[in-house]
Amino acid sequence: MENQTSVTLVNEKLSFDRFREEVLSDYKIACISRETSLVARKEVLTGKAKFGIFGDGKELAQVAMAKFFQTGDFRSGYYRDQTFMFAIGLATVEQFFSQLFADPDINNDPFSAGRQMNSHFATPFVDENGEWLDLANRKNISADIAPTAGQMPRALGLAVASKSFRSVEVLKQFSDLSDNGNEVCFVTVGDASTSEGHFWETVNAAAVLQVPMAIFVWDDGYGISVPKKYQTAKSSISEALMGMQKKEGTNGIHIYAVKGWDYAGMCEKFEEGIRITRETHVPVLFHVEEMTQPQGHSTSGSHERYKPAERLDWEREWDGIKKMREWILENMLASDDELSDLEQYSKEFVRESRAKAWEKYLGPIRKQVAQAVELINSLAKSLPEQASQLVKLSSELVSNHEPLRRDVLKTLNAALDLAGDHDAAYWTRDYYNDLSKENKILYNSFLYNEGPKSALKVEEVRAEFAEDAPTLNGFEVLNRYFDEAFARNPKLLAFGEDVGLIGDVNQGFSGLQLKYGEGRISDTGIRELTIMGQGIGLAMRGLRPLAEIQYLDYLLYGLEPLSDDAATLHYRTFGQQSCPVIVRTRGHRLEGIWHSGSPMGMVINSLRGMYVCVPRNMVQAIGMYNTLLRSNDPAIMIECLNGYRLKEKLPENLLEFTVPLGIPEVIRHGTDITIVSYGSTLRIAQNAADMLDAFDISCEIIDVQTLLPFDIHHKTLDSLKKTNRIIFIDEDVPGGAAAFMFNKVLEEQGGYRHLDVAPRTITAKAHRAAYGSDGDYFSKPNAEEIEAVIKEMMKE
Ligand SMILES: Cc1ncc(C[n+]2csc(CCOP(=O)(O)OP(=O)(O)O)c2C)c(N)n1
Ligand SMILES: [Mg+2]
């Protein structure tokens with residue numbers, strides 16, 4: 001009996017010791033994080049970094065949240081989360097400072113190689129070959145972005161993936177990617193950012209879909225200078241969301257309100273809420289109120305300007321770290337001295353980490369400076385006339401205590417200007433070229449995949465047709481393709497408005513939901529923004545989503561996550577994350593202001609980092625789908641609306657043939673003029689070419705096939721060399737995609753050298769296309785207009 005009591009006592013003592021240790025460890029991390037914020041702000045104010053935004057005031061919630069973030073989980077958050085990153089061991093203070101200094105060495109800033117502002121974190125999702133890592137065995141941080149609430153749409157996709165892995169039988173085999181869908185997506189968002197449509201659309205979609213998402217609203221009462229009363233109904237996001245609260249027998253979300261200074265309270269509620277969402281996939285939202293911003297919003301500006309004195313006093317009084325300290329002392333978990341020791345240790349640790357990061361950042365630049373100085377000084381010896389100016393250049397560089405890479409290049413360039421083409425400058429020029437190359441890799445690489453998963457490396461395989469190949473409507477050809485593709489590739493998922501039950505508005509997926517299940521082919525709400533986010537998140541988790549925008553005109557609703565998130569992802573992570581989402585849409589021709597748009601300039605200018613496919617028919621589209629599905633780059637496929645009912649032969653190697661990206665096709669041979677176009681407009685160009693035939697004018701028509709990339713082997717130039725006349729036709733506004741093609745062929749390909757007459761563009765009018773057939777005719781390019789312009793060109 002006595003023995004048993006002592007065992008119990010020992011156990012209690014052990015668990016008390018463990019608890020105490022954990023609390024003190026959390027307190028230490030909070031102190032380190034606070035100190036990091038304080039020191040980092042000074043770095044910016046003294047000019048060592050350009051801008052800083054920190055997590056001070058949010059520490060306690062994040063050490064609490066980190067306790068429940070398990071292996072396999074995902075975070076989609078924003079710039080306040082350094083404490084969380086320290087607590088789960090995915091960021092060190094030194095790495096934090098490396099990013100603050102914009103260190104371009106991926107070994108120093110492993111999140112973005114100096115490409116992102118500080119506190120924009122990421123972990124690797126793919127290896128150098130573009131193969132997915134075993135995300136189920138890692139803690140995963142989807143790369144942060146700065147647009148407020150921009151993390152929300154992607155978070156939906158990251159959470160939906162868990163649901164897919166849990167519910168879709170054919171996905172169960174991918175145990176490297178998921179442990180039966182147990183992964184929770186942790187989302188952090190600022191109180192003011194909940195004013196964004198992104199927030200509401202995501203929460204609604206998550207509540208409808210029932211996906212494992214834990215949203216933490218860091219409520220510090222302000223969005224920069226604008227307080228809650230101008231942001232949120234009832235000044236409380238948890239109050240405002242009450243209608244979404246899940247009840248017995250409904251969907252919805254669980255809502256908790258907690259206080260940002262209440263460490264113990266948060267630990268308790270987070271444990272409960274995250275357990276529930278992990279098990280049941282009911283989303284949960286934690287409204288973390290009464291947080292503070294000890295140093296204000298960021299290094300740009302001071303909060304004393306807009307916060308009333310009482311608020312500032314209150315923030316000091318209710319500082320989380322201060323409250324945690326009081327709580328530790330009250331509960332006798334540590335003595336005042338012990339805590340002071342921890343605080344002192346934090347200060348030293350942060351100071352050392354900062355110094356190491358600074359050394360690592362500056363070391364390589366110092367070496368470049370030394371090398372440049374040596375070369376310039378020796379150049380001075382060979383060029384007595386320029387010597388004094390050269391020596392001045394090198395001594396200026398030496399006296400620059402915080403030189404940038406660009407300072408080295410500017411100095412070398414100035415030295416080379418002085419040296420002219422003198423032989424003595426050989427090594428200086430050589431070094432200048434080496435550094436230029438190195439900086440190109442550091443700053444300009446990874447817009448797209450560059451390794452084996454680059455879409456541009458997919459080999460061309462031609463479509464093959466049996467002698468008795470059936471001729472079908474375009475939409476039927478697509479439908480056969482999707483059927484085979486879904487049978488072959490378990491990772492394929494398609495979703496969008498009307499995609500499920502009726503199989504999309506043009507029946508590409510007709511009958512396929514029945515065959516492959518709702519888990520793979522599904523209807524969504526009318527929510528283009530989060531359909532895109534759903535695609536982005538699913539793709540990041542290693543799946544192959546086809547995310548549909550019903551009509552190209554409505555891409556505007558979904559453009560932000562594509563432009564800010566999908567298109568920048570590979571670049572902003574230095575190639576460590578990829579997002580092979582395929583956005584499927586249809587456009588160019590239908591009727592009226594909101595159903596016939598072809599805003600291609602908007603698309604290609606906002607989506608660099610994605611590929612833009614504009615197939616002229618469905619067989620070409622299928623070849624492009626096959627190419628994209630063999631690679632990791634995100635893309636948008638714009639099927640042409642007037643193509644679904646055109647007759648096409650069904651290829652017999654539907655899953656094998658590929659259409660390479662960036663390779664135009666000459667679809668009509670001619671000798672007098674080159675007509676460059678794509679998609680629906682090609683058929684109008686063909687009509688015009690037929691009409692011009694009667695006048696002995698022979699047109700060569702080039703289908704560019706993809707706008708991004710554009711004609712990588714300069715096939716258009718070959719045609720222009722032959723015809724010496726060129727005209728670009730598209731349905732975009734004047735100066736839109738036509739201007740882009742014009743620039744590519746005439747400037748980049750050097751086409752201007754081969755012109756006999758002034759080049760032309762024919763575009764739609766600047767206004768939207770009016771409704772009806774006449775509206776279309778008088779708003780968009782038409783065959784007669786093309787005929788007239790070409791006749792004119794032939795006379796010149
Ligand atoms: C779409 C967009 N609009 C404006 C900004 C500029 N901006 C950056 S942070 C911020 C305030 C965000 O406040 P909140 O969501 O409460 O987060 P906090 O910074 O207070 O943690 C604003 C307006 C932005 N980054 N993105
Ligand atoms: Mg705020």
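Reader: How far is an oxygen atom of ligand 1 from an N or O atom in the side chain of aspartate 191?

Author: This is a predicted model: local features need pLDDT of at least 70, side-chain atom pairs need pLDDT 80 or more, and totals for chains, interfaces and linings use all residues. Residues are numbered from 1 along each chain, ligands from 1 in the order written, and side-chain values use heavy atoms, without hydrogens and water. The aspartate 191 pair is a polar contact (N or O atoms within 3.5 Å). Its distance is 2.6 Å.

Reader: Which residue has a polar side-chain atom 2.8 Å from an oxygen atom of ligand 1?

Author: Histidine 297 also has a side-chain N or O atom by a ligand 1 oxygen, but that distance is 3.4 Å. The 2.8 Å distance belongs to arginine 80.

Reader: Which residue forms a salt bridge with glutamate 315, and are the two buried or exposed?

Author: A salt bridge puts a Lys or Arg side-chain nitrogen within 4 Å of an Asp or Glu carboxyl oxygen. Glutamate 315 has its closest N and O atoms 3.0 Å apart with lysine 307. Glutamate 315 and lysine 307 are both buried.

Reader: Why does glutamate 268 count as exposed?

Author: Glutamate 268 forms a salt bridge with lysine 269 at 3.8 Å. Lysine 269 is partly exposed, at 28%. Buried means under 20% relative accessible area and exposed over 50%, with partly exposed in between (1.4 Å probe, protein chains only). Glutamate 268 counts as exposed because its relative accessible area is 52%.

Reader: How many salt bridges are in the whole structure?

Author: Some are linked: Asp504, Glu548, Arg584, Arg586 and Glu639 form a network. Another joins lysine 322 and glutamate 317 at 3.4 Å. The search of the whole structure finds 53.

Key. Polar contact = N/O pair within 3.5 Å; in protein donor to acceptor, adjacent residues only side chain to side chain.
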